[in-house]
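Reader: Could we go through the aromatic residues in this one? I'd like to begin with what the terms mean.

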Amino acid sequence: MQTRLTELLNIRLPVIQGGLAYLAYADLAAAVSAAGGLGQITAASFQTAEDLRREIARARQATDRPFGVNFALGHWEWEAHLEVAAEEQVPVISVTGGNPEPVFRRLEGLPVKKLVLVAGVRQAQKAEALGADAVIAVGFEGGGHLGRDDLGTLVLVARIVDSVRIPVAASGGIADGRGLAAALALGAGGVEMGTRFVATRECRAHPAYKEALLRAGEADTVVIERSLGRPGRALRSGFTEAILEREAAGAGLADLLPYIGGEANRRAALEGRLSEGFAWAGQASGLIQDVPSVAELLSRMEDEARQAWERIGGSLAR
């Protein structure tokens, strides 16, 4: 299953594990990379840069395959963490939620592949102009923070593939090999998945979070924080409904912060207190029926993708 993305990242399968806040540690990243994809550690999960350095070392002890470190840019001091990732010469660094230019400046001259999460054509073109090696196009179906234009993955990926020269990974609403085959048919070089990797044995998500994903249908997510200009998709619950009610009533950031901050996310994702916090999830939750190991998931996806291509070939032949 060779694509421009697998060649760029030196991986066997064109599957990238998304940067999952408070969940993407060395154990999950190494499992994804060892199974043929590209695993990632999320830098923002670590209080200090030295904590990140130790986690990078743990990943290298667990696998000799390439992995990445994700930087979700925002209101935190990420510069020291980036310095560590650069010093450790992590093979891949991905950037989400901000202007990647200062990150790219620090990485200039280093043998690191640079990925940028985008939600529109102009963002993708800007990332390419700044020196991104590939972009990840996330559609409105995805979990976590999204673009503001409500563009679905099918249209968005096709538009971005036509608008940039660098490889594109499709993200949003993808949880199996059929989604991988669809992305390849659109011209993407592979996929990125977040929600599907939460429901794996190696992920640190609380069992209650994983169970909620198993129960959820494709309509059991909501988009919060839209009033703040940073929409994000999470599992529907009494807690997220309360957030939506406050947003509808005109609550500002100060009033919403206790409900949308990292602590509220940790309560649900790590402690399983889903009635007291929120858990990110995309519409792909409707496709999740089990909690396999990462190796089992990627092996199954490879088989499903090949079967999908055979169906496509058979239909075209007729």
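Author: Buried means under 20% relative accessible area, exposed means over 50%, and partly exposed is in between, with a 1.4 Å probe and protein chains only. This is a predicted model, in which local features need pLDDT of at least 70 and side-chain atom pairs count only at pLDDT 80 or more, while totals for chains, interfaces and linings use all residues. Residues are numbered from 1 along each chain as its sequence is written, and side-chain values use heavy atoms, with hydrogens and water left out.

Reader: OK, is Phe46 buried or exposed?

Author: Phe46 counts as buried, because its relative accessibility is 9%.

Reader: And how many aromatic pairs does the structure hold?

Author: There are 3 aromatic pairs, where rings of Phe, Tyr and Trp (its six-membered ring) pair if their centres lie within 6.5 Å, and planes under 30 degrees apart count as stacked, over 60 as edge-to-face and the rest as tilted. In one of them, the ring centres of Tyr25 and Phe46 are 5.3 Å apart and the planes stand at 80 degrees, so this pair is edge-to-face.

Reader: Where do Tyr25 and Phe46 sit in the chain?

Author: Tyr25 is in the loop between strand E1 (15–17) and helix H2 (26–34), and Phe46 is in the loop between strand E2 (39–42) and helix H3 (49–62), so the pair links distant parts of the chain, 21 residues apart. Helices (H or I, at least four residues) and strands (E, at least two) are DSSP runs, numbered from the N terminus.

Reader: What about Phe278 and Trp280?

Author: They form an edge-to-face aromatic pair, 4.8 Å centre to centre with 75 degrees between the planes. Phe278 counts as buried at 2% relative accessibility, and Trp280 counts as buried at 17%.
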